[in-house]
Amino acid sequence: MIEFNNVGLVYPNGTEGLKNINATIKDGEFVVIVGLSGAGKSTFIRSINRLVTPTSGSLLVDSEDIINYHSGDLRKLRTKIGMIFQNYNLVKRSNVLKNVLAGRLGHTGTLRSIFSLFKKEDIGLAYESLKRVNIDEKIYNRADELSGGQQQRVSIARVLTQKPKYILADEPVASLDPPTSHQVMTYLKKINKEDNITTIVNLHFIDMAMEYADRIIGMRAGEIVFDGPVSEVSEKT
Ligand code: ADP
Ligand code: ADP
């Protein structure tokens, strides 16, 4: 469970990224955050794995306040949170298998000579993960030989290999065309349901949010302006 209690975040230049945020995200939920560019969606998501640090309030992940976490705690926190980014964040010159194995890094606990250390089980897990997003036939291709949609599926496989409790997806379809966007959202939703991984996704477009979300959080200027099930959004529009 994730609990924001009066969370504020002021960037060093004085910009208020988050203002008095209160929200509880229960285990297994599929939450979509919508809002215009600059609304604070990315700041909200990045607070949860502490890529940015709130400056007030408390932010509990599994009942522990993560705001004052340091190195060891942060590594543990990030091991249970899988991140998906707009630009996939793959190592372009590495092949798909190596990229997906990077999901095991937090578990193997070393940055040294990573690829020689993976066990057969890790490679099996990587292959199974690639199969789940239907991209296993590209396992030995270089990441930069794949289309955007294929790269995003590899990044989902990387997250699956991590076996996280949470998935945070920061604008995962913003660089993709509509059919490919739907494909990626469908995989994210399927994984949420099958593996019961709590998932938070940022999206620009309300129509796509309505199609996939269990719950929508609307943000504007660092604040939550709507929080409820899709059915409540429909009534108002
Ligand atoms: P996105 O909109 O895709 O999340 P970014 O995370 O790069 O893109 O930036 C989000 C917003 O934050 C942009 O409006 C950008 O101008 C602003 N921003 C990012 N980094 C800084 C910074 N160091 N100082 C001031 N504004 C920043
Ligand atoms: P969104 O993801 O909804 O586009 P962001 O969370 O990226 O919004 O940004 C929220 C606000 O914080 C914006 O005003 C943005 O310009 C600002 N911002 C984001 N990152 C930084 C940063 N590193 N330094 C200063 N301001 C930032």
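How many bridges join strand S1 to strand S4, and which way do the two strands run? Hi everyone, let's start there. Five bridges join S1, residues 2-10, to S4, residues 56-61, and the two run antiparallel. One of these pairings puts Glu3 with Leu60 as its bridge partner in S4.

Before going on, a word on what we are looking at. This is a predicted model, in which local features need pLDDT of at least 70 and side-chain atom pairs count only at pLDDT 80 or more, while totals for chains, interfaces and linings use all residues. Residues are numbered from 1 along each chain as its sequence is written, chains are lettered from A and ligands numbered from 1 in the order in which they are written, and side-chain values use heavy atoms, with hydrogens and water left out.

Two terms will come up a lot. Helices (H or I, at least four residues) and strands (E, at least two) are DSSP runs, numbered from the N terminus. Two strands pair if DSSP finds at least two bridges between them.

Back to the sheet. S1 and S4 belong to an open sheet of four strands, with the order S2-S1-S4-S5 and antiparallel pairing. Strand S2 (16-25) and strand S5 (64-65) stand at the edges with a single partner strand each, so one side of each has no neighbour in the sheet.

Strand S9, residues 215-220, is joined by six bridges to strand S10, residues 223-229, and they run antiparallel. Met219 stands opposite Ile224 in S10. Two residues sit between the strands of this hairpin, and Ala221 takes a positive phi near 50°.

Now to the ligands. A residue is near a molecule or strand if one of its heavy atoms lies within 4 Å of it. By that rule, ligand 2 is surrounded by a list of residues that includes Tyr11, Asn13, Gly38, Gly40, Lys41, Ser42 and Thr43. Which helix gives the most to the shell around ligand 2? That is helix H1, residues 41-48, with three residues.

Next, polar contacts: pairs of N or O atoms within 3.5 Å; within protein, one must be able to donate a hydrogen and the other to accept it, and residues adjacent in sequence count only if both atoms are side-chain atoms. An oxygen atom of ligand 2 lies 2.7 Å from a polar backbone atom of Gly38. Gly40 has a backbone N or O atom 3.0 Å from an oxygen atom of ligand 2. On its own, ligand 2 has 550 Å² of accessible area, and the protein covers 62% of this. Such areas come from the Shrake-Rupley method with a 1.4 Å probe; for residues, only the protein chains shown count as cover.

Ligand 1 is surrounded by Asn13, Ser37, Ser42 and Arg46. One of its oxygen atoms is 3.5 Å from an N or O atom in the side chain of Arg46. The protein buries 23% of the 550 Å² that ligand 1 exposes when taken alone.

Val52 is found in the loop between H1 and S4. With a relative accessibility of 14%, Val52 counts as buried; buried means under 20% relative accessible area, exposed over 50%, and partly exposed in between (1.4 Å probe, protein chains only). Leaving aside neighbours within four places in sequence, Val52 is in contact with Leu9, Tyr11, Thr43, Arg46 and Ser47, where contact means heavy atoms within 4.5 Å. Val52 and Leu9 are 43 residues apart along the chain, and their C-alpha atoms are separated by 8.5 Å.

Last topic: salt bridges. A salt bridge is a side-chain nitrogen of Lys or Arg within 4 Å of a carboxyl oxygen of Asp or Glu. How many does a search of the whole structure find? The search finds 14 salt bridges.

Take Asp122 and Arg104, whose side chains meet at 3.0 Å, N to O. Asp122 lies in helix H5 (residues 120-132) and Arg104 in the loop between helix H3 (96-101) and helix H4 (105-108), so the pair ties together parts 18 residues apart in sequence. Are these two residues buried or exposed? Both Asp122 and Arg104 are buried.

Another salt bridge joins Arg132 and Asp195, at 2.8 Å, N to O. Arg132 lies in helix H5 and Asp195 in helix H7 (residues 178-195), so this pair ties together parts that are 63 residues apart in sequence. Arg132 is partly exposed, at 31% relative accessibility, and Asp195 is partly exposed at 33%.
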